[in-house]
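Thanks for making time this morning.

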Amino acid sequence: MGSSPAPFPDIGKKAKDLLNKDYIFDQKFTLTMLSATGTEFVATGLQKDDLFFGDISTLYKGQNTIVDLKIDSHSSVSTKVTVKNLMPSAKAVISFKIPDHKSGKLDVQYVHPHATLNSSIGLNPTPLLDLSATIGSQTVSLGGEVGFDTASSSLTKYNAGIGFNKPDFSAALMLEDKGESLRATYVHTVNPTTSVGAELIRRFTNHANSFTIGSSYSVDPFTTVKTRLSNNGKAGMVIQREWRPKSLITLSAEYDSKAVTSSPRVGLAIALKP
């Protein structure tokens, strides 16, 4: 529903995307193809240091069902089945991985005009339970999440946050790490081509503060340049070019001023969609 609040993990998402999205310091290649029936085939290769990872996935979208099947280079088979309209305003997702028989999981999402509820339970004898909820609207949302491990009868996480969203700015305040840290984020759209943002984290256990500032600038309709700078001395840049519709080439670089003997990290990602 258009006026519903975002799910809890999406509170502060604009700042996360501005400061972290597309900063890839490995070599990645993705090829996406569509069949005549609408089935999507995706082949992905990732070179990380001296290691190579790859997978092939198939995505089928029906009227109320989405089936995602993935086979990786370690011979693992991952399956995710999404059933929409399971009941009014609700959908369910079942996922599992072969040969890991303990990887099964059931996720259920319910969307109300002024609330969003997400639940997750592992499909094994001692499952992990996750529950998150938000109330409000697209403009203002308040939410929280908890995780419970039935094997140890202990809470694995509990976080809370509030988010504000307007056409020209987005702000969020999150209490995280079981109440041990506070994260504040802000993103401002200066004009249609330029956005700036910042993130401040306060850790109560050691009274440490950290911050990151960043920007995004659209040079033209097909080229975007992003920058970020952190108080730990790291500076990063991303240049992304859409050289044909839905096909992207992304170059990332990061320099660590405290590691003067190390070379800057550089990454290249190519995504092709004929």
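This is a predicted model: local features need pLDDT of at least 70, side-chain atom pairs count only at pLDDT 80 or more; totals for chains, interfaces and linings use all residues.

Residues are numbered from 1 along each chain as its sequence is written, and side-chain values use heavy atoms, with hydrogens and water left out.

If we take a salt bridge to be a side-chain nitrogen of Lys or Arg within 4 Å of a carboxyl oxygen of Asp or Glu, the count comes to 10. One of them joins aspartate 26 and lysine 48, at 3.5 Å from N to O. Because aspartate 26 sits in the loop between helix 1 (13–20) and strand 1, and lysine 48 in strand 2 (residues 40–48), the pair ties together parts that are 22 residues apart in sequence; helices (H or I, at least four residues) and strands (E, at least two) are DSSP runs, numbered from the N terminus.

Now to arginine 183, which forms a salt bridge with glutamate 176, the closest N and O atoms being 2.6 Å apart, and which also meets glutamate 199 in a salt bridge of 3.7 Å, N to O. The latter pair links strand 14 (residues 194–203), where glutamate 199 lies, with strand 13 (residues 181–191), where arginine 183 lies, 16 residues apart.

Finally, Asp130, Glu145 and Lys157 are linked in a network of salt bridges. The positive patch comprises Lys28, Lys70, Lys80, Lys97 and Lys105, patches being residues with over 30% relative accessible area and no salt bridge, like charges joined within 9 Å.

Notes. Patches are made of residues with over 30% relative accessible area and no salt bridge: like charges are joined within 9 Å, nonpolar side chains (Val, Leu, Ile, Met, Phe, Trp, Tyr) within 5 Å. Accessible areas come from the Shrake-Rupley method with a 1.4 Å probe; for residues, only the protein chains shown count as cover. Lys and Arg count as positive and Asp and Glu as negative; His and the chain ends are not counted. The place of a charge is taken as NZ of Lys, CZ of Arg, CG of Asp or CD of Glu.
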